[in-house]
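The model is shown first.

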Amino acid sequence: MDMKSLNFTILLAIGFSCTACAQNTVKEKQKITPTSKKQLAMDLSKITDPQVKQAIEALQTGDKSWYSFFTEIPVMTDDGNKVDFKSFFASALGKEMFLTIDRVENDGKNIHGNFKAGQWGTFPVFFKFHKNAEGKFDRLDIGQDK
């Protein structure tokens, strides 16, 4: 094989390998990118308490209106340990959310489901909303479902 043919063969090989790499990248991106926002939406119709449902909708989208459903300083527990509500959700809101709603109890105020908890992973949890006489949530108990 002469030098001209060898150079042509090398150029062809490089050209084909670059084309193949680009095709793989495009295919990988297509697998990761959802095709519609509907795929990201979750069915919240099991939640029967309208305020809990609206609060969970805000939680799901990371909307700061989440705070408006609660009293100024609500009591909060996480696995039975008292935590500061505002500082807890300052880091969780927009990053943590329900993936499924599996069970609803206590007139729609207790929510059980699979939850994506950021760096902590995904696991079954409960959220128990407590409403005061004015209709605001004054307590939220969350924890891992056993």
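Is Asn 110 buried or exposed?

## Asn 110

Asn 110 counts as buried because its relative accessibility is 11%, where buried means under 20% relative accessible area and exposed over 50%, with partly exposed in between (1.4 Å probe, protein chains only). Asn 110 sits in strand E5; strands (E, at least two residues) and helices (H or I, at least four) are DSSP runs numbered from the N terminus.

## Basis of the model

This is a predicted model, in which local features need pLDDT of at least 70 and side-chain atom pairs pLDDT 80 or more, while totals for chains, interfaces and linings use all residues. Residues are numbered from 1 along each chain as its sequence is written, and side-chain values use heavy atoms, with hydrogens and water left out.

## Nonpolar core

A nonpolar core is a set of buried Ala, Val, Leu, Ile, Met, Phe, Trp, Tyr and Cys residues joined through side-chain atoms within 4.5 Å. The largest one has 27 residues, and Trp 66, Phe 127 and Phe 129 have the most contacts inside it. Helix H2 (50-61), strand E1 (70-78), H3, E5, E6 and E7 each supply at least two residues of this core, with H2 giving the most, five residues.

Beyond four places in sequence, Phe 129 touches residues including Val 52, Trp 66, Asn 110 and Leu 140.

Notes. Contact means heavy atoms within 4.5 Å.
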